[in-house]
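Please look over the sequence and the structure shown here before reading the briefing that follows.

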Amino acid sequence: MRPGEERPVEGGACASVSDLELLKLRAAECIDAAAERLGALSRSIWSEPELAYEEHHAHGVLTRFFQSETPAGSWTVQPHYQLATAFRAEWGSPRGWAAPRPLHLGFLCEYDALPGIGHACGHNLIAEVGAAAALGVKGALESLAGLPLPVKVIVLGTPAEEDGGGKIDLIEAGAFKNLDVVFMAHPSQENAAYLPDVAEHDVTVKYYGKASHAAAYPWEGLNALDAAVLAYNNLSVLRQQLKPTWRVHGTNVEINSGAHDYYNVLPNKSLWKTYVENGKKLGIDFISEDAMFNGPSGSTDFGNVSFVVPGIHPYFYIGSNALNHTEQYTEAAGSQEAQFYTLRTAKALAMTALDVIFKPELLERIREDFKLKLQEEQF
């Protein structure tokens, strides 16, 4: 397509390539304009780490952030949305009576911490990225004289990723119903549009013993603890024979029966390729596709989200080579240096969302990729 040639968008409108690039620039400018407020948001969450389902401070900070955005009332905020520490903030473009159904774009925030070491996985930065990207898209769309394609920008606060699976609770409560595409990004040691997060399935194993007098006739008893210790030791030895993408965790003998299984994240190639194109314009240096698919990360409840709605879950460098879930990463997640990389990632997400809005052929490919991956999982 030649520069300046018009592209059709849903609703019968047209936007030129150059106009779309100007909109992306406007989104980045809106994020830069909010940088101080976004940094304060992240720092407040980082300074008071809270465990899964107990993120009351973070919930309050985030809901007040959107409630205080100007103009007053521009965001409709629902605190305690389906869960005590979840929330939903929504902005919608003006919609005429004859307008089609709005395109629903979701931006996800995480904000739970780890026991003893705080935000060692950088979830304060995940919250900041989600909020910043949503502000960028909103600001870009508001700069238009009129938006023929109605759009809803939805921010979901999703607690308890580290333990419990808050996104799975929200899926079951219907929070992801009607969302068309979802966006979030996770701090790491590198920039990757996708990593094959490992599915995590909990298995409950209970050992039942038989009591006997330990001094008088111990041979009459059955020692459940010995059986559990032997099982743990054998699993530990087995680990060295497992393939790189396999994980076995045997630290808990009995797992709570209410825990959720975490699914693997379904890749959406059309979506992450668009994200890479936008990221490169901002100077992001991504690892290769070979490195992406041969470098599994941890597990995440976003995997479950990727089975119900197309989405992207890229990883981003924050200025440190420290490993996640360490004290050094906690320090890095709260540093000023991390702010540059966090907001740059938010800009790339916002730019990708604008591509989804104004390129109907891209949205169609994203949906087709989603259906194809679901079919592959079934077989």
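Asp-369 is buried (under 20% relative accessible area, where exposed is over 50% and partly exposed lies in between, using a 1.4 Å probe and protein chains only), yet Asp-369 has no salt bridge, and Arg-365, the nearest side chain of opposite charge, is 6.5 Å away. Here a salt bridge is a side-chain nitrogen of Lys or Arg within 4 Å of a carboxyl oxygen of Asp or Glu, and for charge Lys and Arg count as positive and Asp and Glu as negative, while His and the chain ends are not counted.

This is a predicted model, in which local features need pLDDT of at least 70 and side-chain atom pairs count only at pLDDT 80 or more, whereas totals for chains, interfaces and linings use all residues. Residues are numbered from 1 along each chain as its sequence is written, and side-chain values use heavy atoms, with hydrogens and water left out.

**Surroundings of Asp-369**

- Asp-369 has its place in helix α12, where helices (H or I, at least four residues) and strands (E, at least two) are DSSP runs numbered from the N terminus.
- When neighbours within four places in sequence are left aside, Asp-369 is in contact with Asn-268, Lys-269 and Ser-270, contact meaning heavy atoms within 4.5 Å.

**Helices α7 and α12**

- The axes of helix α7 (residues 269–281) and α12 come within 7 Å and cross at roughly 130 degrees; such axes are lines fitted to C-alpha atoms, for helices over the stretch in contact, and angles run from 0 to 180 degrees between N-to-C directions.
- On the α7 side the contact is made by Lys-269, Ser-270, Leu-271 and Thr-274, and on the α12 side by Leu-362, Arg-365, Ile-366 and Asp-369.
- Sorted by class, this contact of α7 with α12 has 3 nonpolar, 2 polar and 3 charged residues, where Ala, Val, Leu, Ile, Met, Phe, Trp, Tyr, Cys and Pro count as nonpolar, Asp, Glu, Lys and Arg as charged, and the others, Gly among them, as polar.

**Salt bridges**

- By the rule given above, the count comes to 16 salt bridges.
- Lys-373 and Glu-376 are joined by a salt bridge between their side chains (3.2 Å, N to O), and both lie in helix α12 (residues 360–378), 3 residues apart, about one turn of the helix.
- Lys-373 is partly exposed, with a relative accessible area of 26%, and Glu-376 is also partly exposed, with a relative accessible area of 42%.
- Elsewhere, salt bridges that share partners join Glu-21, Lys-24, Lys-281, Asp-355 and Lys-359 into one network.
- Within that network, the side chains of Glu-21 and Lys-24 meet at 3.5 Å, N to O, and these residues are separated by about one helical turn because they are 3 residues apart in helix α1 (residues 17–33).
- Glu-21 counts as partly exposed at 30% relative accessibility, whereas Lys-24 is buried, with a relative accessible area of 3%.
- Asp-355 and Lys-359 meet in a salt bridge of 3.3 Å, N to O, and both residues are buried.

**Backbone features**

- Most residues other than glycine have a negative phi, and most peptide bonds are trans.
- A cis peptide bond, with omega about -5 degrees, joins Thr-70 and Pro-71, and Pro-71 is found in the loop between α3 (56–67) and β3 (76–79).
- Gln-82, although not a glycine, has a positive phi of about 70 degrees; Gln-82 lies in the loop between β3 and β4 (87–92) and counts as partly exposed at 46% relative accessibility.
- Ala-160, although not a glycine, has a positive phi of about 60 degrees; Ala-160 is found in the loop between β6 (151–157) and α5 (166–172) and is buried, with a relative accessible area of 0%.

**Leu-349 and the whole chain**

- Leu-349 lies in helix α11 (residues 337–358) and is buried, with a relative accessible area of 1%.
- Leu-349 and Gly-130 are 219 residues apart in sequence and 8.7 Å apart in space, C-alpha to C-alpha.
- The protein chain has 12 helices and 10 strands, and 50% of its 379 residues count as buried.
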